[in-house]
Amino acid sequence: MKTKGHIRYRLKSGDNVPGVTTIVGMLAKPALVRWANNLGLTGIDSARYVDDKADIGTLAHSFITNTLQGRETDTSDYSENQIQQAQNAVRSFDNWKRPHTMEPLLIEQALVSETYHFGGTPDLYFRVDGVLELCDLKSGKNIWPEHHIQVSAYRQLLTENGHDVERVRILNIPRTRAESFQEVVLSDAALNANWQMYYHLL
C-alpha cells in the first residue's frame with residue numbers, strides 16, 4: 001500500500017519526540033527553492049513532481065526491505081511507470097550487494113534516544129562482509145550534505161540502543177538512466193562533525 005502511517009516516536013515516559021527526518025528538514029535549502037522555481041517556469045507542478053518521485057522511492061524501499069524479509073510487495077496503488085522506475089532502483093541495489101555477504105539484523109526498526117529525545121527509523125542495519133553496518137538508501141539525483149547529517153543521527157540511535165556500528169554507508173540507487181549510482185562511506189571524523197550539526201538542529 002502507498003499509504004503508510006506516520007511513525008510516532010515516544011520516550012519511556014510516554015512523551016512524543018520529533019523524528020530525524022523532521023529535524024533535518026529544518027535545514028535551509030536555497031538550491032531547492034531555485035529548482036522548484038525552474039520547474040514552475042517550464043510548466044511543471046513541483047509539488048506533484050515531488051510526490052511522484054517520493055512514491056517511486058517509497059516503493060523501491062519497500063521492494064528491497066520486503067525482499068530481505070521474505071515478503072511480497074503490494075504495488076496495486078502505483079502506476080506502471082512508478083513500478084518500472086522503482087524496479088530500476090532495486091536492480092542498482094542488487095548489483096551493489098551481489099559481491100557482498102549480507103546478514104540483515106534490523107530492517108526499518110523504529111528507535112528512540114532517551115538521552116537526546118528524538119526518534120528515527122534507519123533503513124538497514126546488517127553485517128556486510130563481517131562488518132556491522134548502517135546503510136541508508138536514497139533514490140534521487142545525488143547524495144546531499146543533509147543525508148550525511150541524517151545518518152549521523154541514525155548511528156547515535158543504533159549505538160544508544162545497544163547496536164555497534166562499525167561502518168556507515170549511503171547508497172543512491174537511481175530510478176532512471178538520467179541518474180547515477182553513488183556510494184559514500186563516511187569516516188568517523190565526518191560522522192562526528194555531522195552529528196554536531198544535527199545536535200544544533202535538535
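A residue is called buried under 20% relative accessible area, exposed over 50% and partly exposed in between, with a 1.4 Å probe and protein chains only. The model described here is predicted, so that local features need pLDDT of at least 70 and side-chain atom pairs count only at pLDDT 80 or more, while totals for chains, interfaces and linings use all residues. Residues are numbered from 1 along each chain as its sequence is written, and side-chain values use heavy atoms, with hydrogens and water left out.

The protein chain has six helices and nine strands, where helices (H or I, at least four residues) and strands (E, at least two) are DSSP runs numbered from the N terminus. Of its 202 residues, 42% count as buried. The accessible surface of the chain comes to about 11,200 Å², and 50% of that area belongs to carbon and sulfur atoms; such areas come from the Shrake-Rupley method with a 1.4 Å probe, and for residues only the protein chains shown count as cover. Among contacts (heavy atoms within 4.5 Å) in the chain with a separation of 6 or more, 66% are accounted for by residues 24 or more positions apart.

The interior can be followed through its nonpolar cores, each a set of buried Ala, Val, Leu, Ile, Met, Phe, Trp, Tyr and Cys residues joined through side-chain atoms within 4.5 Å. The largest nonpolar core has 24 residues, and those with the most contacts inside it are Val20, Phe118, Leu134, Val151, Leu158 and Tyr198. Helix H1 (20-24), S7, H5, S8 and H6 are the elements that give two or more residues to this core, and H5 gives the most, with six residues. Leaving aside residues up to four places away in sequence, Tyr198 touches Val20, Ile23, Val24, Phe118, Ile149, Ser152 and Ala153. A second, separate core of 20 residues includes Leu59, Ala89, Phe126 and Leu171.

Charged pairs give another view of the fold. Side chains of opposite charge can pair when their charged atoms come close. The structure holds eight salt bridges, a salt bridge being a side-chain nitrogen of Lys or Arg within 4 Å of a carboxyl oxygen of Asp or Glu. In one of these, Glu103 pairs with Arg127, the closest N and O atoms being 3.3 Å apart; this pair links distant parts of the chain, since Glu103 lies in strand S3 (residues 102-107) and Arg127 in strand S6 (residues 124-128), 24 residues apart. Glu103 is partly exposed at a relative accessible area of 39%, and Arg127 also counts as partly exposed, at 33%.

Another salt bridge joins the side chains of Arg167 and Glu133 (2.7 Å, N to O), and it too links distant parts of the chain, with Arg167 in strand S8 (residues 167-172) and Glu133 in strand S7 (residues 131-138), 34 residues apart. Here Arg167 counts as partly exposed at 21% relative accessibility, whereas Glu133, at 0%, counts as buried.

Because Arg155 lies in helix H5 (residues 145-160) and Asp188 in helix H6 (residues 188-201), the pair ties together parts that are 33 residues apart in sequence. Arg155 counts as buried at 15% relative accessibility, while Asp188 counts as exposed at 52%. Salt bridges that share partners also join Glu133, Arg167, Arg169 and Glu183 into one network.
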